[in-house]
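Trainee: I am new to this structure and would like a close look at one part of it. Could you take me through the aromatic rings and their surroundings?

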Amino acid sequence: MTEPDTNTSIAEQRRFEARQTARREAFRLARDSGAQIVKRPMYFRDKEPTVRDVEPLAGARAALDLESAAKGTARDYIRQAREAGHGWDQIGEALGLSPVRDTDQDGATADDAAYTYAAGRPDTEAPWRHRSFLWTCRSCDQHIGDRGLIQGPADDEPGHAGHCPRLAAAIAEWDAEAARWDAEWEAGQ
């Protein structure tokens, strides 16, 4: 007998609790906005026990409002994470994003998926606009129009002050990683 994967069961429990909370809040929002209370079968058939619920269209609208608000709240926390110095890789890992599993998160890596979640999919943006995620750098107190992970921090994070220590550290880290990739590539030749 194998032991259950603790991380999987914790994640499943967290998703279950979040779904229950969302259902309760959708019910409350719909009810408080005047939705009719109805009785419906607990499962699928009319001969089963019934439960009280809100009228389904009102419940669906309240749930959609919650979804939109939750995504906005997630983006607020992502903005705070960027301002606190967390990179897209850390954000992607914390969100549990995987580009293989989360096919709606377009990107090759979890950090790409995190950026796409925060900034929106590139195919939904107007072609004349550059997709960006706005945050304020705590090191130089400037507004940053983060473009994700494309060409390195010098190009991807426009808006930093010229003397910004955070940007200088990010560029140094990017350059060190690029040198490591180059060395690995040359060793494989």
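To begin with, is Trp88 buried or exposed?

Mentor: Happy to, and please keep in mind that this is a predicted model. Trp88 is buried: its relative accessible area is 3%, and the cut-off for buried is under 20%.

Now for its partners. Three aromatic pairs occur in the structure. In one of them, the ring centres of Trp88 and Tyr115 are 5.1 Å apart and the planes stand at 90°, so this pair is edge-to-face. Look at where the two residues sit: Trp88 belongs to helix α3 (residues 88–95) and Tyr115 to helix α4 (residues 110–119), so their pair ties together parts that lie 27 residues apart in sequence. Tyr115 counts as buried too, because its relative accessibility is 4%, again under the 20% cut-off.

There is a further member to find here. Ring pairs join Phe133 with Trp88 and Tyr115 in a cluster. Phe133 brings us to strand β3 (residues 133–136), where the side chains alternate.

Let your eye move on from β3 to its neighbour. Strand β4 (residues 143–146) pairs with β3 in the antiparallel sense, over four bridges. Within this pairing, Trp135 has Ile144 of β4 as its bridge partner. The hairpin that β3 and β4 make has six residues between the strands, and Asp141 takes a positive phi near 60° there.

For a contrast, turn to Trp174 and Trp181. They form an aromatic pair that is also edge-to-face, with 6.4 Å from centre to centre and 80° between the planes.

One ring has a charged neighbour: Lys71 lies over the face of Tyr117, at 4.7 Å from the ring centre.

Phe44 is found in the loop between β1 (37–41) and β2 (50–54). Its relative accessible area is 78%, so Phe44 is exposed, the cut-off for exposed being over 50%. Together with Met42 and Tyr43, Phe44 forms a nonpolar patch on the surface, and the three have about 410 Å² of accessible area together. To come back to where you started, Trp88 is buried, whereas Phe44 is exposed.

Key. Residues are numbered from 1 along each chain as its sequence is written. This is a predicted model: local features need pLDDT of at least 70, side-chain atom pairs count only at pLDDT 80 or more; totals for chains, interfaces and linings use all residues. Side-chain values use heavy atoms; hydrogens and water are left out. Patches are made of residues with over 30% relative accessible area and no salt bridge: like charges are joined within 9 Å, nonpolar side chains (Val, Leu, Ile, Met, Phe, Trp, Tyr) within 5 Å. Accessible areas come from the Shrake-Rupley method with a 1.4 Å probe; for residues, only the protein chains shown count as cover. A salt bridge is a side-chain nitrogen of Lys or Arg within 4 Å of a carboxyl oxygen of Asp or Glu. Buried means under 20% relative accessible area, exposed over 50%, partly exposed in between (1.4 Å probe, protein chains only). Rings of Phe, Tyr and Trp (its six-membered ring) pair if their centres lie within 6.5 Å; planes under 30 degrees apart count as stacked, over 60 as edge-to-face and the rest as tilted. A charge sits over a ring if NZ of Lys or CZ of Arg is within 6 Å of the ring centre and within 35 degrees of the ring normal. Two strands pair if DSSP finds at least two bridges between them.
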